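Colleague: Could you walk me through the labels you put on this one? I'd like to hear what backs each of them up.

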Amino acid sequence: MDSLKKIQQTVFSLHRLPDAEWDMFVQILTYKTFRKGDALIKEGEYEHYIYFLESGATRNYFLKEGKEFTVAFHFSGEFVTAFYSLITSTPSVVTIEFLEDAKVIAIPYRDLEVFYQNSYHGATVGRKMAEMQYAHRLKKEMELLSLTAEERYIRLMERNPELVAAISVKHLSSYLGIQPESLSRIRKQYARN
C-alpha cells in the first residue's frame, strides 16, 4: 500500500473527506525519511508539525536528573507529534526518537489550521484526532493506575509484537515504570505462554 493510501485510510477512519477537500489536504503534505536514533523533536524545541508514521516507530521520553522516562511509543500507521508544544506554542517537554529507520508524512500545523478554516470535514477530522489523543492519554493513565506491569506489557505487545520484542529493556522498563530485571522476568513468562 502506498503512503498516500495509508494516510487516507487513517484519516477516513475518523471522518471521510469529499474528494475536493482530500485534494486540498494532500497539497500540504511533505515526505521525509529518518534513521534509527534520529530525533523528530528534542526537548526544548518548538513543534510545528504533525507526522504520520508510514513506517517505523518512535519513543517519546523526557529527562529528569539525568534519567530518561519513556512516556509513549508510536508505531506505523499512527500520528505522532509533541502535542503539548504544538497546541501551546511552548518548548517541547519531550524528545521523540526513532527506534528504527522510518518514513513519515509531515503535516505543517500552520497549513493544517488554514485547511481546517476552509474545510468543514477537515475540521471534523482535526477535532476527532484531538478527541482520540485525549482518550488515548486517559486510557494510559487508567492503565498505569489499575493494571500490573505485566498486563501493560501484554497490551503493548498486542499493538506491535515484533517491534515491542525488539525495544530495549531499558526503554521498555522505563515506559512500564518497573526495573529492567522485572521486565526480563515478564518477557520470559510471556514467551512461555
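**Salt bridges and burial**

Modeller: Let's start with Arg59, which counts as buried because its relative accessibility is 1%, and buried means under 20% relative accessible area, exposed over 50%, partly exposed in between (1.4 Å probe, protein chains only). Bear in mind that this is a predicted model, where local features need pLDDT of at least 70, side-chain atom pairs count only at pLDDT 80 or more, and totals for chains, interfaces and linings use all residues. Residues are numbered from 1 along each chain as its sequence is written, and side-chain values use heavy atoms, with hydrogens and water left out.

Colleague: What makes Glu68 and Arg59 a salt bridge?

Modeller: Their closest N and O atoms are 3.0 Å apart, and the definition asks for a side-chain nitrogen of Lys or Arg within 4 Å of a carboxyl oxygen of Asp or Glu. Glu97 also forms one with Arg59, at 3.1 Å. So Arg59, Glu68 and Glu97 are linked in a network of salt bridges.

Colleague: Why is Glu68 called partly exposed, and why does Glu97 count as buried?

Modeller: Glu68 has a relative accessible area of 24%, so partly exposed it is. Glu97 is at 18%, so it goes down as buried.
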